[in-house]
Amino acid sequence: MKDKVCLVTGATSGIGLVTAMGLAQKGATVVLVGRNRERGEAALARIRDEAGSRDARFFPTDLSVQEKVRQLVRDLQDHYPRLDVLVNNAGAFFHHRQESTDGIEMTWALNVLGPFLLTRLLLERLTASAPARVLFVSSFVQRWGRIHFDNLQGTPRYNRLRAYSQSKLAVVLLSCEFARQLEGTGVTVNALDPGLVATGIISGNGSWPWVLFQSLANLMAISPAQGAQSPIHLAASPDVAAVTGQYFSRGKPVSPTPADCNPSAIRCLWEICLTMTGETDPT
């Protein structure tokens with residue numbers, strides 16, 4: 001990975017941090033993106049110390065805010081003439097409905113529109129750097145998901161698990177469309193389920209059912225170091241250099257849930273994301 005520039009979102013802890021560390025240890029120049037500046041600086045110091053990566057850099061960005069995504073892209077383009085790997089890892093589980101600065105339900109804004117917009121805005125840099133790779137980190141809960149086209153933002157009644165599983169299915173479907181559109185460009189696009197990882201993503205709510213669920217989940221979960229092996233492999237291994245449009249679970253290609261996996265549904269989702277981000281496809 002020497003001379004390769006790798007961007008990892010959600011890189012201040014958990015799978016994202018271990019992924020960035022693993023790529024840095026392979027010689028890549030890693031770019032970390034996260035919302036919390038203090039945690040980001042700590043992650044950056046750790047990577048520089050443990051991986052010896054003096055070129056690593058951290059950009060504090062809230063990916064749920066579309067203007068901040070656009071500003072991040074402008075900053076990246078100013079600092080890096082190339083981009084070889086984009087790992088869309090950032091995501092969150094929200095126990096209560098809240099809206100982003102743009103007035104969009106946060107699960108959808110952060111988990112779906114954030115990586116969708118970031119990837120679109122970086123496509124020119126990625127294709128110019130080809131061969132390049134794009135990864136979308138999904139979850140095993142995508143198999144429970146359905147795209148609720150008539151109620152993507154969870155109103156009037158918000159269901160946290162439905163919102164989260166819907167978002168994780170959506171990124172799988174969007175990865176398929178990105179892969180289709182980028183076929184022949186040298187840019188591969190894949191989605192992955194890292195497994196049940198002890199990241200604490202569903203913590204933060206005091207109600208006893210969720211505390212119990214978190215405790216049980218942690219007993220069965222693998223470590224972030226184990227969970228990061230899949231994105232590191234897909235980002236760096238020559239064995240998957242030409243693989244695109246696939247969904248990986250624990251490092252192996254599998255078929256995603258059949259729910260909404262038809263071309264018309266994928267295209268409908270794509271058009272919705274374009275509209276919600278103010279983007280347009282070339283005619």
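**Sheet and cores at a glance**

Eight strands build an open sheet with mixed pairing, in the order 3-2-1-4-5-6-7-8; two strands pair if DSSP finds at least two bridges between them. Strands (E, at least two residues) and helices (H or I, at least four) are DSSP runs numbered from the N terminus. The model is predicted: local features need pLDDT of at least 70 and side-chain atom pairs pLDDT 80 or more, while totals for chains, interfaces and linings use all residues. Residues are numbered from 1 along each chain as its sequence is written, and side-chain values use heavy atoms, leaving out hydrogens and water.

- Strand 3 (57-60) and strand 8 (252-254) are the edges, each pairing on one side only.
- Strand 1 and strand 4 (residues 85-88) run parallel over three bridges, and Val8 stands opposite Val87 in strand 4.

**The nonpolar cores**
- The largest core has 56 residues, and Leu7, Trp108, Leu122 and Leu126 have the most contacts inside it.
- Such a core is a set of buried Ala, Val, Leu, Ile, Met, Phe, Trp, Tyr and Cys residues joined through side-chain atoms within 4.5 Å; buried means under 20% relative accessible area (1.4 Å probe, protein chains only).
- Helix 4 gives the largest share of this core, 13 residues.
- A second, separate core of 26 residues includes Val8, Leu23, Val85 and Ala236.

**Around Trp108**
- Not counting residues up to four places away in sequence, Trp108 touches Leu113, Leu152, Gln166, Ala170, Leu269, Cys273 and Met276 (contact: heavy atoms within 4.5 Å).

Terms used
Buried < 20%, exposed > 50% of the residue type's maximum accessible area, 1.4 Å probe, protein only.
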